[in-house]
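These notebook entries record what I looked up in one structure, in the order in which I took up each topic.

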Amino acid sequence: MLPGSTNPSDAARFMSRSTITITGESLDRARIEQLLRENATLVFDDCDLSGADLSRLDLQETRFRHCQLLETSFYAARLARSQWQRCRAGHADFESADLVDARFASCDLNNSSWRRAKLAAASFRSCKLTGANFEEVSYLGLSFEDTLLVGADLRRMSFRKMRLVGLDFADADLSGCDFRDAVFEGGGLRDAHVKDTRFDGADLREADLGGLKLTNAKLFAGATISPRQAAELVRAMGLNVG
């Protein structure tokens, strides 16, 4: 079995479970543990779990919709195949959690921590991840779309040959990242930290490259930019075009 793949017995077990929907409740760890004893798929709708310690709990397949999760701890929790829609989880802690094949849509995840999390095949769509920490994550198949990654720590992640739609990397730490042959569709790299970052073969014509310094220009050798971007870069270097 490939690393990060689903155990067939686990999949069969989840398919046979009933579903319990909890609506409009404020919940703590004790209440969650009580619900987990029902051995059902849990759906939290418009619930408040802010500040709860949910570390190491088995919450696979759980669905969170319109929930408040501010500063909630999911440290080392099992969250594979979980779904998150329009949740507010600023400063939430997902460190070392298993989030394989998890789905996040239209969530506010600013300043959240994902350090050493398993994010293989996970996806973030229309999310806010300003200031998020993705240090040492497992990310094979991880995808972002129309997402703010302003000031995020994404060091040494690979986006090679990926189609990057609407990703704002402004002021993000992209040191050592691999963007070779990636295609940027909107979004930008304004004032991003790009030490040792690779852009060989990348298509940057639709990206905002504001703040690019002359000392970083060599990192973009082999990348494709537009005439407009070229003119902006020349002006940023203090040169006049005759």
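**Entry 1: Serine 123**

I began with serine 123, which I found in strand β6, residues 123–125. I note at the outset that the model is a predicted one. Is serine 123 buried or exposed? Its relative accessibility is 15%, and the limit for buried is under 20%, so I recorded serine 123 as buried. I then listed its contacts, leaving aside neighbours within four places in sequence: Ala102, Arg103, Phe104 and Ser143.

**Entry 2: The sheet**

I next traced the sheet and found it open, with 7 strands in the order β1-β2-β3-β4-β5-β6-β7 and parallel pairing. Its edge strands are β1 (19–23) and β7 (143–145), each of which pairs on one side only. From one strand to the next, I noted an average twist of 10°.

I looked up two of the pairings in detail. Strands β1 and β2 are joined in the parallel sense over 5 bridges, and threonine 23 stands opposite aspartate 45 in β2. Together with α2, these strands make a right-handed β-α-β unit. Strand β3 (residues 63–65) pairs with strand β4 (residues 83–85), again in the parallel sense, over 3 bridges. There I found glutamine 85 of β4 as the bridge partner of arginine 65.

**Entry 3: The nonpolar core**

I turned to the largest nonpolar core, which has 68 residues. Which residues have the most contacts inside it? I recorded Trp84, Leu99, Trp114, Phe124, Phe134 and Phe169. The elements that give two or more residues to this core are α2 (29–36) and β2 (41–45).

Not counting residues up to four places away in sequence, its contacts include Phe104, Leu109, Trp114, Phe134 and Leu142. Ser143, Glu145 and Thr147 are also among the residues that phenylalanine 124 touches.

Technical notes:
Residues numbered from 1 in each chain as written. Predicted model: local features only at pLDDT ≥ 70, side-chain atom pairs only at ≥ 80, totals over all residues. Heavy atoms only, no water. Helix = DSSP H or I, 4+ residues; strand = E, 2+ residues; numbered from the N terminus. Buried < 20%, exposed > 50% of the residue type's maximum accessible area, 1.4 Å probe, protein only. Contact = heavy atoms within 4.5 Å. Pairing = 2+ DSSP bridges. Axes fitted to C-alpha atoms, helices over the stretch in contact; angles between N-to-C directions. Core = buried A, V, L, I, M, F, W, Y, C linked by side-chain atoms within 4.5 Å. Right-handed = clockwise from strand over helix to strand, strands pointing away.
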